[in-house]
Amino acid sequence: MEKIYGNENLLCRLSRLRKNKRLPHSVIFYGERGCGKKLFADYYTMLLLCEKPKDGRPCGECVPCRRVGEKNHPDVIYAQTSGKLAGYSVKTAREIRSDAFIKPNNNSGKKIYQFRDCRNMDTRTQNVLLKIIEEPPEYAYFIFTAESEYEFLPTVLSRCTALAVSPCKDEDSENALRQYNFEDNDIKEAVDCFHGNIGMCIQYITDVHLRSQVIIIKNAVDSIIRRDEYGLVKTLFSAGTDRAEVRKVLSMLDCSMRDCAVLSRDKKARTIGSFRNGTLHLSEILTGSQAIEIHNLIEVACSALQSNISPVLAVSALSAEIMSVID
Ligand SMILES: [Zn+2]
């Protein structure tokens with residue numbers, strides 16, 4: 001079983017629920033990308049299936065635990081995404097709903113459905129699922145993971161137990177990364193950028209593409225600090241012309257703006273962006289409300305990109321607007 005770092009409160013809460021045999025039928029694990037939500041989805045699944053739990057925790061060694069870890073437990077169903085946006089279709093939801101009403105004929109006596117990485121989930125899909133999570137059969141469990149609990153309709157959310165997964169401390173993150181035998185230099189750089197978000201740290205070390213995106217963000221923040229519109233346009237252009245890629249970079253820049261707004265009030269606040277030092281510097285130049293204004297502009301640019309505006313146009317307009325906010 002993969003070790004879970006941090007999240008002590010969440011682990012305690014789950015142990016208590018397991019010991020009292022009150023594990024909810026529908027749960028949502030939510031938190032930023034890379035912080036371990038899928039790890040928790042599997043942990044929860046093990047909690048439901050483990051044959052020898054110790055103190056409300058899965059043993060990690062019995063056959064069901066091992067099979068969950070290997071993702072080949074027959075009573076665990078991973079809902080499949082489809083389409084360009086890798087979403088859950090109405091058809092998939094209907095199939096799962098029908099399947100969930102068929103009593104299990106297996107050892108565990110349970111059926112566990114995992115919906116991983118829920119984002120922009122169709123309202124119709126959610127309404128189909130709502131029918132089953134409102135009154136689930138006693139053997140059926142539904143586990144969702146998403147970056148935000150607000151990915152779900154209020155009606156769905158009210159039927160689920162939403163559990164926040166958080167990044168761990170920087171030193172825990174370093175310890176976790178050492179287990180993978182990464183170079184010390186890489187670990188230091190990764191933790192400087194992504195702190196206790198172990199998933200993002202691993203991606204930073206192993207994915208050259210993410211590294212190049214982090215450099216774009218650093219240059220973008222520097223350009224804003226220097227009030228250099230040309231520099232900002234140029235660095236954002238280097239993200240390319242693929243809409244999804246440009247949006248990814250803009251959402252990383254947005255994290256830095258969120259950090260900037262928080263840091264302008266409290267210099268010691270926890271940050272989620274990839275460039276704390278630069279953002280700290282930026283927070284001395286921008287007021288919190290300016291940072292929020294820029295955040296709003298980035299959101300507008302992202303939705304423009306979604307509705308077929310050319311990335312070149314969106315990025316140029318955004319850069320000019322950012323400069324007008326700070327002038
Ligand atoms: Zn076990």
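Student: What order do the five strands of the open sheet have?
Tutor: The order is β2-β3-β4-β1-β5, with parallel pairing. Strands pair if DSSP finds at least two bridges between them. Strands (E, at least two residues) and helices (H or I, at least four) are DSSP runs, numbered from the N terminus.

Student: Which are the edge strands?
Tutor: β2 (76-78) and β5 (161-164), each pairing on one side only. This is a predicted model: local features need pLDDT of at least 70, side-chain atom pairs count only at pLDDT 80 or more, and totals for chains, interfaces and linings use all residues. Residues are numbered from 1 along each chain as its sequence is written.

Student: How many bridges join β1 to β5?
Tutor: Four, with β1 covering residues 26-30. Y30 stands opposite A164 in β5.

Student: And what does helix α2 touch on the sheet?
Tutor: Helix α2 (residues 37-49) touches β1, β2, β3 (111-115) and β4 (140-146). Contact means C-beta atoms, placed from the backbone, within 7 Å.

Student: New topic. Which residues have the most contacts inside the largest nonpolar core?
Tutor: A190, C201, Y204, L253 and I298, in a core of 44 residues. A core is a set of buried Ala, Val, Leu, Ile, Met, Phe, Trp, Tyr and Cys residues joined through C-beta atoms within 7 Å. Buried means 20 or more other C-beta atoms within 10 Å of the residue's own.

Student: Which helix gives the largest share of this core?
Tutor: α12, with nine residues.

Student: What is I298 in contact with?
Tutor: Leaving aside neighbours within four places in sequence, I298 contacts L250, L253, D254, M257 and L318.

How values were computed. Two residues are in contact if their C-beta atoms, placed from the backbone, lie within 7 Å. Axes are lines fitted to C-alpha atoms, for helices over the stretch in contact, and angles run from 0 to 180 degrees between N-to-C directions. A residue is buried if 20 or more other C-beta atoms lie within 10 Å of its own, exposed if 12 or fewer, and partly exposed in between; C-beta atoms are placed from the backbone.
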